[in-house]
Amino acid sequence: NRLASNSLLEAVVFAERAAADAAGCTLPASGPLPSPFMGGADEPDLDALEGIRSRMHAVMWHDVGIVRSNASLAHAESELSLLLPQIEALYRSARLHGGVIELRNMATVALMVVRCARMRHESRGLHTNVDYPGLDPEGPRDSVLDRHTSPVQDG
């Protein structure tokens, strides 16, 4: 029951902060925003979708698991960077499909996890980097990626 304590309170606090921040934002006056769903008319290739999903799962399991190394994280980032254009091609050519959207979101999160792990030069909690076995008391507590470092760019 994880929502019974700190997680629930954290959700309330950060929802209020996010709403306050969003209230201060303005949209550009350059016209309507593009649709996030720019799919085509084709039926999604479900075999390709499953193949990419399986490859991504294998990369994350073998290279980004609890025990990691700089080399395994670099390999994971390289592999995910190769998969992302294939996923984008499926996303843009296929009719709106939950599996394609989910795969695109999974790839985005996976690549962000890898990039954050590569930024951290220590072992913290259960995640051990064999190249940085110790805890860095001066190291960052949070990993932050902005829109310039996120893997998927809207277009």
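What percentage of the 155 residues of the protein chain count as buried? The share is 28%.

## Model and confidence

The structure is a predicted model. Across the protein chain the mean pLDDT is 80, and 75% of the residues reach at least 70. Of the chain's elements, helix α1 (residues 6–23) has the lowest mean pLDDT, at 80, while α2 has the highest, at 94. Where pLDDT is low, the predicted coordinates should not be read in detail.

## Overall architecture

The protein chain contains four helices and two strands. Read from the N terminus, these elements follow the order α-α-β-α-α-β. Among contacts between residues at least 6 apart in sequence, 71% connect residues at least 24 apart.

## The nonpolar core

The largest nonpolar core comprises 20 residues; I52, M56, L80, L83, I87 and L103 have the most contacts inside it. At least two core residues come from each of α2 (46–63), α3 (70–93) and α4 (98–119). Helix α3 gives the most, contributing eight residues.

L83 illustrates how residues meet in this part of the model. Apart from its neighbours within four places in sequence, L83 is in contact with I52, R55 and M56.

## The surface

The protein chain exposes about 10,600 Å², of which carbon and sulfur atoms supply 60%. On the surface, I66, V67, L126 and V130 form a nonpolar patch, with about 410 Å² of accessible area together.

Methods
Residues are numbered from 1 along each chain as its sequence is written. This is a predicted model: local features need pLDDT of at least 70, side-chain atom pairs count only at pLDDT 80 or more; totals for chains, interfaces and linings use all residues. Side-chain values use heavy atoms; hydrogens and water are left out. A nonpolar core is a set of buried Ala, Val, Leu, Ile, Met, Phe, Trp, Tyr and Cys residues joined through side-chain atoms within 4.5 Å. Buried means under 20% relative accessible area, exposed over 50%, partly exposed in between (1.4 Å probe, protein chains only). Contact means heavy atoms within 4.5 Å. Patches are made of residues with over 30% relative accessible area and no salt bridge: like charges are joined within 9 Å, nonpolar side chains (Val, Leu, Ile, Met, Phe, Trp, Tyr) within 5 Å. Accessible areas come from the Shrake-Rupley method with a 1.4 Å probe; for residues, only the protein chains shown count as cover. A salt bridge is a side-chain nitrogen of Lys or Arg within 4 Å of a carboxyl oxygen of Asp or Glu. pLDDT is the predictor's confidence in each residue, from 0 to 100.
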